[in-house]
Amino acid sequence: MRIAADLEKHYSGVTEVTKLHRNKLRVALNNAKEANGIVCDPKFCVEYRVWIPARSVEIDGVVSEDHLTVQQVLKGVGLFKRKNLPTVQVIEVRQMGNSDGEGENKKFVPSNSYRVIFAGTALPDYLEIGNVLRLPVRLYYPKVMSCSNCQKLGHTKAFCNNKTICAKCGENHQTDQCKAVPTKCLICGGAVHETRCCPKYQERSDKLKQEISKRSKRSFAEIVKTSKVENHYAVLEEEDPQSEEEATEEELVYSTPGGGPKRKRKIKKKSSKTQSAKTGNPPTESRLPQPGAAAFNRMFPSVSTTKPGPAVSRQNGQPEDHRIPFSKILEMVLTVLSEPTRLLLEPLIPFFKEVAKNLAVNSALSTVILFDV
């Protein structure tokens, strides 16, 4: 094909040229700049009708909110839930609505929903307007195009190069010139029905929705894969060696994402010489008393490693026994138990006392418990 040879000659980014129909080619490039250049190149756009399919570079979403204008929505920006992903530019905004009435009395009634066209093919999660309002974005599913010239799906009359087909009888003439009564659907061949109720139309619509959803998810995955996650907690720099005369501390303040730690201000520590000059006392290396001094012994008394013995009574010279009697412990345990449990355990009290006698012979518990059994 001559046009394919011309494209590859002038544009090195051409990767594929595919013939879709008799007079329709699809050109794939690996460079967006060259793709836009072909559309404006007189060597091609004068002799041929060149365009970039919107579904390859744009994606439509819907937001709903009262008391908004198209101009306000147009100033918004698309955001993803992941903060490290780039923002999405808004290309165009259209207010949605319904038609009321028929014929000449048919009027457009606007709604509170807006169709927002975003750059790229990954649908953002939110539309942020003025850093104040954040609206959730849902995917917009366009209607399947139908041609009133050839009665086929997928395009409109403005872009139709097929022969004219009558919608009533299926012959090659204009529909408004035919007086025949329709007997079948020209799309599916079934009974006469509206285009939107046609099984072929519904099948095409479902397929279009799946394609749009898959393309958005695939583009989102590519964005996540190529986006670089910035480390907002950069490694701190090593501190400069400080002089003995004046030591300093530095406060670190983290800036917005993308910035590293910035030094805010320095706080000077007063040296010992400066403090001694203000107080009038000579500078000392340490204000704590030295080990062995009387002041040090008063502040840090020695701790004995031997176990303290029983206290001696001052009245009669006999040692006081501060151990807890085992019988008292047993009585306390029985007191906190419920009545049925206590009745069950009372026959076992002699057994508990025998165990206590054995513990009293060789046990460390004898230093805290008096086994009076």
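Helix H5, spanning residues 199-226, contains 28 residues and extends 41 Å from its first C-alpha to its last, close to the 40 Å expected at 1.5 Å a residue. The structure is a predicted model. Within H5, the buried residues are Tyr201, Ser205, Leu208, Ile212, Ser213, Arg215, Ser216 and Ser219. These buried residues of H5 pack against strand E3 (58-64) and strand E9 (138-139).

**Strand pairing**

Strand E3 pairs with E6 in the antiparallel sense, over seven bridges. Strands E5 and E6 also run antiparallel, and nine bridges join them. Arginine 115 in E6 stands opposite valine 62, and arginine 115 is also the bridge partner of arginine 94.

| Strand pair | Sense | Bridges |
|---|---|---|
| E3 and E6 | antiparallel | seven |
| E5 and E6 | antiparallel | nine |

In soluble globular proteins, nonpolar side chains tend to be buried together. The largest nonpolar core of this model comprises 21 residues, and Val63, Val73, Val116, Phe118 and Leu127 have the most contacts inside it. At least two residues of this core come from each of E3, strand E5 (90-100), strand E6 (107-119), strand E7 (126-129) and H5. The greatest contribution is that of E6, with three residues.

Which residues does leucine 127 touch, not counting residues up to four places away in sequence? Its partners on that basis are Val63, Val73, Gly76, Val77, Gly78, Val90, Val116, Phe118, Leu133, Arg134, Leu135 and Val137. Another core, of eight residues, lies apart from the largest one and includes Leu7, Tyr11, Val14 and Val17.

**Cysteines**

How many disulfides does the model contain under a 2.5 Å cut-off between cysteine sulfur atoms? The count is zero. The sulfur of cysteine 45 has as its closest cysteine sulfur that of cysteine 40, at 7.0 Å, and this distance is too far for a bond. Cysteine 166 is likewise in no disulfide, the nearest cysteine sulfur being that of cysteine 169, 3.8 Å away.

Are cysteine 45 and cysteine 166 buried or partly exposed? Cysteine 45 counts as partly exposed because its relative accessibility is 31%, whereas cysteine 166 is buried, with a relative accessible area of 0%.

Terms used:
Residues are numbered from 1 along each chain as its sequence is written. This is a predicted model: local features need pLDDT of at least 70, side-chain atom pairs count only at pLDDT 80 or more; totals for chains, interfaces and linings use all residues. Side-chain values use heavy atoms; hydrogens and water are left out. A disulfide is a pair of cysteine sulfur atoms within 2.5 Å. Buried means under 20% relative accessible area, exposed over 50%, partly exposed in between (1.4 Å probe, protein chains only). Helices (H or I, at least four residues) and strands (E, at least two) are DSSP runs, numbered from the N terminus. The expected span of a helix is 1.5 Å times one less than its number of residues. Contact means heavy atoms within 4.5 Å. A nonpolar core is a set of buried Ala, Val, Leu, Ile, Met, Phe, Trp, Tyr and Cys residues joined through side-chain atoms within 4.5 Å. Two strands pair if DSSP finds at least two bridges between them.
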